Amino acid sequence: MSASNLVAESVWKAIESTHSVNEEQLSVLHFLFGKNFEKATRIVDQRGVKKIIGEPSGRSILQVVGESRRKEEYLCFADNYCACYSFFYDIINRGEQLCCKHQLAARLAESLGACVEVKVSDEQLAVLLSEL
Ligand SMILES: [Zn+2]
């Protein structure tokens with residue numbers, strides 16, 4: 001894991017433990033993620049992160065709304081996967097960024113407890129996951 005990943009991890013953990021974010025944490029995240037972090041905070045402010053929870057298993061996946069006018073939604077695992085274009089081209093292929101804005105929004109919303117929870121059956125969740 002890179003140094004910046006480790007720094008990001010420790011900030012996320014701190015936010016998770018208090019469910020709030022202070023000025024210092026904001027500036028570190030901004031330093032690490034730049035414009036993507038600004039976009040992510042806008043998505044979270046708009047309540048754009050849904051946590052889709054399968055019942056009865058309790059397994060979940062996050063769905064993050066995009067910023068374009070079409071308002072597409074991306075299924076996303078905060079740690080290691082997003083279904084968006086940027087994830088494949090900027091992160092997997094070119095290795096330029098740590099993660100995309102949807103992953104950041106997902107992580108931020110989860111850490112703050114700011115996800116909109118949506119309950120579905122485990123079968124519905126399986127269908128969603130099979131489309132990845
Ligand atoms: Zn993404």
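User: What makes the largest nonpolar core, and which residues have the most contacts inside it?

Analyst: In this predicted model, the largest nonpolar core has 23 residues, and Val49, Val64, Cys76, Ala105 and Ala106 have the most contacts inside it. Members must be buried nonpolar residues joined through C-beta atoms within 7 Å. At least two core residues come from each of α2 (23-33), α3 (35-45), β2 (60-65), β3 (73-77) and α5 (101-112). The most come from α5, which gives 5 residues.

User: Which residues does Val49 touch?

Analyst: Leaving aside residues up to four places away in sequence, Val49 touches Ile43, Val44, Leu62, Val64, Ala105, Ala106, Ala109, Ala114, Cys115 and Val116.

User: Why is α5 called largely enclosed?

Analyst: A residue is buried if 20 or more other C-beta atoms lie within 10 Å of its own. In α5, 10 of the 12 residues are buried, so the helix is largely enclosed by the rest of the structure. Among them are Lys101, His102, Arg107 and Ser111.

User: Why is His19 counted as exposed?

Analyst: The cut-off for exposed is 12 or fewer C-beta neighbours. His19 has 10 inside 10 Å, so His19 counts as exposed. His19 lies in the loop between α1 (3-18) and α2, and has a positive phi of about 55 degrees although it is not a glycine.

User: What makes Arg47 exposed or buried?

Analyst: Arg47 has 12 other C-beta atoms within 10 Å, so Arg47 is exposed. Arg47 is in the loop between α3 and β1.

User: What makes the peptide bond from Glu55 to Pro56 cis?

Analyst: Its omega is near 5 degrees. Pro56 lies in the loop between β1 (49-55) and β2.

Key: Residues numbered from 1 in each chain as written. Predicted model: local features only at pLDDT ≥ 70, side-chain atom pairs only at ≥ 80, totals over all residues. Helix = DSSP H or I, 4+ residues; strand = E, 2+ residues; numbered from the N terminus. Contact = placed C-beta atoms within 7 Å.
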